[in-house]
Amino acid sequence: MLGVFSAMEVSASGLSAERTRMNTIASNLANSHTTRTARGGPYKRIDPVFEAALLDRTHAGSQASGAVSLVRVSKIVEDSRPGQLVYEPGHPDANPAGYVEYPNVNVVEEMVNMLTASRAYEAGVTSIESVKGMAKSAIDIGR
Amino acid sequence: MAVGPVDPTAISLAQPHAPFDGAAPLGPGAPFDGASPLGPKAEPGGFASLFAEAVGRANAAEHVAGAAAQDLAAGRTDDIHGTMIDAQKANIELKLVGSVRNKIVDAFYELWRMSV
Amino acid sequence: MARGVLLMRPVDLFSGVAPLHAALDYHLERHNVLSSNIAHVDTPGYRPKDLARVEEGSFDRVLGVTIERTSAAHLAGGEAGTPEVGRAFTDATAGGGADGNYVSLEREAGKLATNQIRYDIVSVLVSSELRGLLWAANDGKAG
């Protein structure tokens with residue numbers, strides 16, 4: 001049934017998803033100047049894609065069960081936008097015209113994403129604290 | 001709390017010493033059954049039937065509360081507030097049985113004093 | 001005193017508790033829905049959902065609470081404490097992000113906070129109701 005623990009599961013899935021997002025941002029920032037990857041070209045920034053997933057408990061008779069779902073990272077997609085071309089003829093990764101393609105990582109964009117991810121993370125924590133408070137109230141019934 | 005006036009015709013408890021057994025009825029058409037040792041004759045509205053009802057309800061409430069508590073402890077349910085409410089209801093029903101028992105005993109002694 | 005209490009049918013004895021119990025159920029379910037909204041703040045295409053109270057004594061009551069999808073506009077009627085919203089169904093039109101996500105974190109967090117407060121209040125109310133009944137059942141003495 002939908003209760004305290006299902007709510008915590010839902011919030012926890014949100015926290016997990018946002019943490020995955022933080023990891024992708026960290027990877028993007030760390031590799032913002034990686035001009036050569038194992039595949040050959042420069043590093044391309046990555047993004048997680050989230051989707052809704054059903055709770056795996058049985059919620060027979062719960063009307064709200066259709067409105068509640070877990071978050072799941074369905075895939076990590078690569079941003080295929082071309083990176084910035086910089087004229088550096090001496091660079092080992094320069095193309096025949098002398099340009100080096102840098103990763104398509106925009107540091108400002110990544111920082112903004114990091115802020116929204118951490119806000120979302122905090123909101124999830126607040127949600128868990130809130131339901132913990134409710135559980136405490138319930139335990140105090142009749143005490 | 002003072003014991004209210006007792007209606008003798010409503011008392012149908014079996015007395016262990018059966019002081020009223022075979023004696024003159026306590027009141028007009030007294031349905032008192034002092035000769036039955038097996039237990040109170042449950043007369044609708046009488047203390048005995050009320051007592052039986054209270055015991056029945058307390059029993060049922062205990063079952064519900066016990067099952068709910070076990071479900072919560074075993075993780076079969078998330079229902080914290082429901083379980084706590086059921087537990088309190090069972091507690092209340094139990095206390096009711098105790099209070100009714102006390103009232104019946106008080107009523108008996110009131111009668112007992114009256115007859116001597 | 002006890003006889004008076006006994007003469008009430010059992011359903012009458014706890015009749016004050018039932019609506020409070022129902023309110024606790026409603027607020028806990030609603031917390032699940034709001035937590036889900038918060039967890040899905042970054043899920044593409046996700047629209048926030050909410051739970052509306054059901055009209056007392058209506059047919060809806062048998063089905064339980066209804067689900068209401070809300071817009072980014074001001075708070076839904078159920079939240080403001082008005083008990084009857086029935087099957088109202090507002091769809092989001094404004095406030096959508098580029099990825100089709102309509103969740104506003106502040107709005108959901110605000111609803112979450114007030115929902116928790118209401119749950120806590122009702123739980124205190126049910127506690128005192130039960131304590132009063134215990135006092136009565138115990139013939140005027142403390143349980």
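**Reading the predicted model**

Colleague: How far does helix 1 of chain B reach from its first C-alpha to its last?

Modeller: Helix 1 of chain B, with 28 residues, reaches 40 Å between those two atoms, close to the 40 Å expected at 1.5 Å a residue. Helices (H or I, at least four residues) and strands (E, at least two) are DSSP runs, numbered from the N terminus. The expected span is 1.5 Å times one less than the number of residues in the helix. Please note that this is a predicted model, in which local features need pLDDT of at least 70 and side-chain atom pairs count only at pLDDT 80 or more, while totals for chains, interfaces and linings use all residues. Residues are numbered from 1 along each chain as its sequence is written, and chains are lettered from A and ligands numbered from 1 in the order in which they are written.

Colleague: Which residues are buried in that helix 1 of chain B?

Modeller: The buried residues there are B:Phe47, B:Ala48, B:Leu50, B:Ala54, B:Arg57, B:Ala58, B:Ala61, B:Ala65 and B:Ala68. A residue is buried if 20 or more other C-beta atoms, placed from the backbone, lie within 10 Å of its own, exposed if 12 or fewer, and partly exposed in between. An α-helix has 3.6 residues a turn, so residues three or four places apart point the same way.

Colleague: And which residue follows helix 1 of chain B?

Modeller: B:Gly75 follows, and its phi is positive, near 80 degrees.

Colleague: How many helices and strands does chain B have?

Modeller: Chain B has 2 helices and 0 strands. Of its 116 residues, 32% are buried.

Colleague: What about chain C, which pattern does it follow along the sequence?

Modeller: Chain C reads α-α-α-β-α-β-α, with 5 helices and 2 strands. Buried residues account for 38% of its 143 residues.

Colleague: How far apart are the end C-alpha atoms of helix 5 of chain C?

Modeller: They are 48 Å apart, which agrees with the 48 Å that its 33 residues (105-137) should span at 1.5 Å a residue. After helix 5 of chain C comes C:Asp139, whose phi is positive, near 70 degrees.

Colleague: Turning to the core, which residues touch the most other members of the largest one?

Modeller: B:Leu96, C:Leu24 and C:Val126 do, among the 60 residues in the largest nonpolar core. Elements of chains A, B and C give two or more residues to this core, including strand 2 (70-78) of chain A, helix 2 (80-115) of chain B and helix 3 (17-39) of chain C. Helix 2 of chain B gives the most, with 11 residues. A nonpolar core is a set of buried Ala, Val, Leu, Ile, Met, Phe, Trp, Tyr and Cys residues joined through C-beta atoms within 7 Å.

Colleague: Which residues does C:Leu24 touch?

Modeller: Leaving aside residues up to four places away in sequence, C:Leu24 touches B:His81, C:Tyr119, C:Val122, C:Ser123 and C:Val126. Two residues are in contact if their C-beta atoms, placed from the backbone, lie within 7 Å.

Colleague: How many residues of chain A are in contact with chain C?

Modeller: There are 34 residues of chain A in contact with 31 residues of chain C. Helix 2 of chain A gives the most to the chain A side, with 12 residues. That side divides into 15 nonpolar, 15 polar and 4 charged residues. Here Ala, Val, Leu, Ile, Met, Phe, Trp, Tyr, Cys and Pro count as nonpolar, Asp, Glu, Lys and Arg as charged, and the others, Gly among them, as polar.

Colleague: Is A:Tyr43 buried or exposed?

Modeller: A:Tyr43 is buried, because 22 other C-beta atoms lie within 10 Å. The residue lies in the loop between helix 1 and strand 1 of chain A. Beyond four places in sequence, A:Tyr43 touches A:Asn31, A:Thr34, A:Thr37 and A:Pro103.

Colleague: And where does A:Lys132 lie?

Modeller: A:Lys132 lies in helix 2 of chain A and is partly exposed, with 14 other C-beta atoms within 10 Å. Its C-alpha atom is separated by 7.7 Å from that of A:Val4, 128 residues apart along the chain.

Colleague: Where in chain C is confidence lowest, and where is it highest?

Modeller: Confidence is lowest in helix 4 (residues 60-63) of chain C, at a mean of 45, and highest in helix 5 of chain C, at 93. The score, pLDDT, is the predictor's confidence in each residue, from 0 to 100. Chain C averages 72, and chain B averages 73. In chain B, pLDDT stays under 50 over residues 8-38. Where pLDDT is low, the predicted coordinates should not be read in detail.

Colleague: What ipTM does the predictor give the complex?

Modeller: The predictor gives an ipTM of 0.88, together with a pTM of 0.75.
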